[in-house]
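Student: Please take a close look at one helix of this structure and at the elements around that helix. I would like a connected account, with each term defined.

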Amino acid sequence: MTASTITSQKPSVNIFSKIWAWLKKVPPVYPIFLVIFIFLGFLNPKGYQTMNGIMTYLRPASPLAVLAIGEMFVLALGGFDLSIGAIVTFCVIASSKFLANDPANMVPNILILLGLGVLVGLINGFVVSFLKVPSFITTLGMMMVVRGAALYYVGGAPKGYLTDNFRMFGRNYIMDVPFFSRIPYSFIVLIILATFAYIIFHRTNWGRQILAIGDNVRAAGLSGVKLKLVRMMTFVFCSVFAVLGGIMVGGYGGVNVTIGEGMELQAIAACVIGGVMLGGGKGSVLNVVFGAFTLQAIVNLLNQLGLPKPYTDAVQGLIIIGVVAYSALSTMKKR
Amino acid sequence: MATTSPSDNWFKRMSRSSKIPPVYIFLIIIFLFTGILDQINSDGQMFTNPAIMLNIIVRSVALGIVAVGQTFVLLGASIDLSVAYTISITAVMSSYIMQGNNSNVPVALLGVFAIGIVIGLVNGLIITKLRVNPFIATLGVSLVIKGVINATFSNYTGSVPQAFEWFGYGTLGPIPVSIIILLLVVTIGWFILARTKFGAHLYGVGGNSEVARLSGVRTDRVLIGAHVLCSVTAVLSGIFLVSLMRSGAPWVGPNGVYDLNSIATAVIGGTALSGGKGGVWGTLAGVLIFGVLATAFNQLGVNPYMKNILQGVIIILAVASYTVRSKKEAA
């Protein structure tokens, strides 16, 4: 009798413990995101519980997610890329001159920007790999070079505006989509780029080699990873994603000399919220995308609460520390 | 003795035995190179005018003081991105409390040092107890300070009394007080690192935290101490800057990019970002390289945006000049 009740109870306990075990495996970024987003929904049901509102929220969140994905590749490698904010600035103010207010220049402009992105990434990778300069310093120097070059090129102030077809990627929506009501271009770009990055990072040798280098450079080198090649490709990847993100940021924000300032730090914060370890060896594209969404949700939440800008900074700082401390402590307990 | 191979010339042996960081050679090269350019293209005062030579150092004082603190933190394998806004809050608070009145000076100094110590403690505690990565922890703290300052002050606030400007403008004989302060800070920094238990522990924690802990070092306390020292140097920098500007403004710190520049100068000086290696004398050289560049750009009338580009390139080259021979992979 007693034995049968025990056996009959056991499966249900197992199911609960299985669910609990599965829940414990969920990276902390998802519960954090959900909590913040649901809270936003209570504050402003129209803005965050309708498809229309969610799409409005996704429009600025997507460029940040693209920047964060690129940054994650470098962080997973064990490096830093501080130059992406300057690359964003470069994209916006160099385009303001190069487009020359003519929509026909859109495609060549984007191609040139991508080419410059590849160049910046190659130089970053070269300096880190061959001159052995730590990437923090390399990309810090590159940040000054890229920002200086952009301002030098336009002579200190933006020339002209960004044409509408260039701004499309960051600003426009595809209207009248069933169920979603409307979808911002930037979100579609994000989905394409994130899928691409996901395949590279989680399904190819290159991705595994990045993680291997981030985990233990020496071991990776001894087991035949071409360290210099992988590192250079990764920096190029990051710079190219920064250019793509920069094009969307420019589309959303318009011409502004300080538009990219601090974006490298935001991208790094988004990565860390998404569970990336600074120092390398860990990373996940999907988690980082949600890290960026969380960061954007925090910003929106603070705006929603009607706090003046300075307080927003302060509270954002506190929340970032809190979120990272929560995920750091919760991953520590699991060990 | 075993390390001297036949290929080593006397110069290499000398520089190795004297323990002068190799970055000083780079400093001399930069100085000579820009000086010669100055001779050719401008009035050539960099070599002939002692006032300009002194000016190179005076320009470096604010950055130099905080870079010493940053060196401490980097040696412990940590990082401090909050120094820029710590400088700002010091500058603003001290001039706000002083209001141009001599009798308020002690209160103001006590107040800003207390703020600095609290910021350092908070940084250290978040990093050691909450296990937040130092980059994110100090970035967050810097956002908090930024918010607090910008919410309270929006422009120049208060002023410092005339006597207080002595720090920025006074001279002892022919030597500006500011230079003496800088040298004093560097010497104290050197003394702490090379001659005290705390210094030895800090190198240990930065080199390998786990080994240090197992050998009985209270690693958390050491790291918190380093962060408090770093914030205190940021406060000193802020005090120096406010005495120079006569009134504090909230943008002093971020405008000078003291966070990233102090890290850059420390690394140029040979301090490893991964911790455990380096020292304050190298940092001083890194700071002086920045000073030489600023002065030379001024002398040569370089386009302000070109300045940015050149500075970035030179930072990379300066670090590359000693890392290029290392066999270890950089990250």
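Tutor: In α7(A), 18 of the 20 residues are buried, so this helix is largely enclosed by the rest of the structure. A residue is buried if 20 or more other C-beta atoms, placed from the backbone, lie within 10 Å of its own. Helices are DSSP runs of H or I with at least four residues, strands are runs of E with at least two, and both are numbered from the N terminus. The model is predicted: local features need pLDDT of at least 70 and side-chain atom pairs count only at pLDDT 80 or more, whereas totals for chains, interfaces and linings use all residues. Residues are numbered from 1 along each chain as its sequence is written, and chains are lettered from A and ligands numbered from 1 in the order in which they are written.

From its first C-alpha to its last, α7(A) reaches 28 Å, close to the 28 Å expected at 1.5 Å a residue; the expected span is 1.5 Å times one less than the number of residues. Just after α7(A), Gly155(A) takes a positive phi of about 75°.

In total, 46 residues of chain A are in contact with 40 residues of chain B, contact being C-beta atoms, placed from the backbone, within 7 Å. α6 (106-130), α7 (135-154), α13 (263-273) and α15 (309-334) of chain A each supply at least two residues of the side that touches chain B, and the largest share, 15 residues, comes from α7(A). That side of chain A divides into 33 nonpolar, ten polar and three charged residues. Here Ala, Val, Leu, Ile, Met, Phe, Trp, Tyr, Cys and Pro count as nonpolar, Asp, Glu, Lys and Arg as charged, and the others, Gly among them, as polar.

α7(A) is also part of what covers the buried residues of α6(A), together with elements including α5, α8 (164-171) and α12 (227-253) of chain A and α16 (304-323) of chain B. Among the buried residues of α6(A) are Met106(A), Leu113(A), Gly117(A), Val120(A) and Val128(A). The 25 residues of α6(A) should span 36 Å at 1.5 Å a residue, and its end C-alpha atoms are 36 Å apart, which agrees. Just after α6(A), Lys132(A) takes a positive phi of about 60°.

Of the other elements named, α5(A) meets α13(A): Ile84(A), Gly85(A) and Val88(A) in α5(A) meet Met263(A), Glu264(A) and Ala267(A) in α13(A). By class, this contact has four nonpolar, one polar and one charged residues.

Key
Contact = placed C-beta atoms within 7 Å. Buried ≥ 20, exposed ≤ 12 C-beta atoms within 10 Å, placed from the backbone.
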